[in-house]
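Let's walk through this structure together, one step at a time. Have the picture open as you read.

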Amino acid sequence: MKRYRNKSRYEDEATIVHTTINKIEYRNIEIGQRLKTVFYCPSYLAPEGRMCVYWGRTNIEEGDEIEMKGRFSDGVFLAWSLSIHKKAKKIENDGGNIQNRT
């Protein structure tokens with residue numbers, strides 16, 4: 001018996017993006033039965049960066065280099081999958097506060 005794969009109607013719009021995280025608005029916030037993460041990545045179209053949304057548990061931090069697969073919808077990137085390629089380096093400054101550095 002032949003099996004058929006259900007194809008998403010948005011699969012033709014899929015894009016792979018390599019980028020760095022500028023700012024995390026919120027991470028792993030529970031909405032219903034799902035976890036939502038909203039963060040910003042550099043973009044020449046918006047000074048604060050492009051908003052990205054990922055549904056699922058993640059451990060990203062500001063300064064991480066990531067690769068995302070997803071699509072653009074109304075200026076927001078909706079990530080279907082996300083992988084961290086390089087974690088941000090953490091160094092201490094003179095005041096003892098930890099800051100992320102790339």
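Two strands pair if DSSP finds at least two bridges between them, and strands themselves are DSSP runs (E, at least two residues) numbered from the N terminus. With that in hand, look at strand S3 (residues 34-41): S2 pairs with S3 in the antiparallel sense over six bridges. Within this pair, Ile31 stands opposite Arg34 in S3.

A word on what you are looking at: this is a predicted model, in which local features need pLDDT of at least 70 and side-chain atom pairs count only at pLDDT 80 or more, while totals for chains, interfaces and linings use all residues. Residues are numbered from 1 along each chain as its sequence is written, and side-chain values use heavy atoms, with hydrogens and water left out.

Now step back to the whole sheet. Six strands make an open sheet with mixed pairing, in the order S1-S5-S6-S4-S3-S2. S1 and strand S2 (23-31) are at the edges with a single partner strand each, so one side of each has no neighbour in the sheet.

Strand S1 (residues 15-20) runs antiparallel to S5, and six bridges join them; here Val17 stands opposite Met68 in S5. On we go to strand S6 (residues 76-86), which pairs with S5 in the antiparallel sense over nine bridges. S5 and S6 form a hairpin with two residues between them, and Asp74 in the turn has a positive phi of about 55°. Ser73 stands opposite Val76 in S6.

Next, visit the loop between strand S4 (50-55) and strand S5 (65-73), where you will find Glu62. Glu62 and Ile21 are 41 residues apart in sequence, yet their C-alpha atoms are 5.2 Å apart in space.

Which residues are linked in a network of salt bridges? They are Glu61, Asp64 and Lys87. A salt bridge is a side-chain nitrogen of Lys or Arg within 4 Å of a carboxyl oxygen of Asp or Glu, and by this rule the count comes to two. In one, Glu61 meets Lys87 at 3.9 Å, N to O. This pair links distant parts of the chain, 26 residues apart. In the other, Asp64 meets Lys87 at 3.2 Å, N to O. Asp64 lies in the loop between S4 and S5 and Lys87 in the loop between S6 and S7, so this pair ties together parts that are 23 residues apart in sequence.

How values were computed. Helix = DSSP H or I, 4+ residues; strand = E, 2+ residues; numbered from the N terminus.
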